[in-house]
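Morning, everyone. I have one structure to go through today, and I will keep it short. Please have a look at it first.

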Amino acid sequence: MLKKGDKLYSILHFNCPRCHEGKLFKSGLSYRFSKITQMHSHCSHCNLKFEKEPGFFYGAMYVSYGLTVALWITVAVAFYVLSEKINPWLFMLTGSLLLIILLPGIYRLSRAIWIAMFVNYEKGKEIKDD
Ligand SMILES: [Zn+2]
């Protein structure tokens, strides 16, 4: 079971990687593009500045690419296991639909993973010092 202090806890809950309390995003998961992308500038709990430098989250594109490749490999393995003869059109349609459905989650997960790679958990971090 995940608990505060685990990197995976902050990533999967989309919480601040330093205090694991404040939320990274302003709203819950949604398919409205304007809401998917809205992040808090600072943590509401420990005041960590999320965008450490201009363009910081461009690096999340590398994470997003990795997650997307993992999704396509999963679809390919599932097709291979379920039938020996793979219909390429059905494969492309399934993969594309899954990608569209999971897009908000992949976007946010990429940013949560990216910031968690650079910020470590600090127990009891409540001082507003950043
Ligand atoms: Zn915080």
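I will go from the overall layout to one helix pair, and then to the core.

This is a predicted model, so everything I quote is computed from it. The protein has four helices and zero strands. Read from the N terminus, the order of elements is α-α-α-α. Along the principal axes, the C-alpha atoms occupy a box of roughly 60 × 35 × 25 Å. Of the 130 residues, 17% are buried. On contact range: take the contacts between residues at least 6 apart in sequence, and 61% of them join residues at least 24 apart.

Now the helix pair. Two packed helices are described by an angle and a distance between their axes. Here the pair is H3, residues 60-82, and H4, residues 88-116. Their packing angle is about 145°, and the axes are 9 Å apart. The crossing of H3 and H4 is right-handed. Sorted by class, the residues in that contact are 16 nonpolar, five polar and one charged.

Next, the core. In soluble globular proteins, nonpolar side chains tend to be buried together. The largest nonpolar core in this model has 15 residues. Which of them touch the most other members? Those are Cys 16 and Ala 112. H4 supplies the largest share of this core, with five residues.

Last, a closer look at Cys 16. Leaving out neighbours within four places in sequence, Cys 16 contacts Ser 10, Glu 21, Gly 22 and Leu 24, and also Cys 43, His 45, Cys 46 and Leu 48.

That is what I have; questions are welcome.

How values were computed. Residues are numbered from 1 along each chain as its sequence is written. This is a predicted model: local features need pLDDT of at least 70, side-chain atom pairs count only at pLDDT 80 or more; totals for chains, interfaces and linings use all residues. Axes are lines fitted to C-alpha atoms, for helices over the stretch in contact, and angles run from 0 to 180 degrees between N-to-C directions. Helices (H or I, at least four residues) and strands (E, at least two) are DSSP runs, numbered from the N terminus. A crossing is left-handed if the near helix is turned anticlockwise from the far one by less than a right angle, and right-handed if clockwise. Ala, Val, Leu, Ile, Met, Phe, Trp, Tyr, Cys and Pro count as nonpolar, Asp, Glu, Lys and Arg as charged, and the others, Gly among them, as polar. A nonpolar core is a set of buried Ala, Val, Leu, Ile, Met, Phe, Trp, Tyr and Cys residues joined through C-beta atoms within 7 Å. A residue is buried if 20 or more other C-beta atoms lie within 10 Å of its own, exposed if 12 or fewer, and partly exposed in between; C-beta atoms are placed from the backbone. Two residues are in contact if their C-beta atoms, placed from the backbone, lie within 7 Å.
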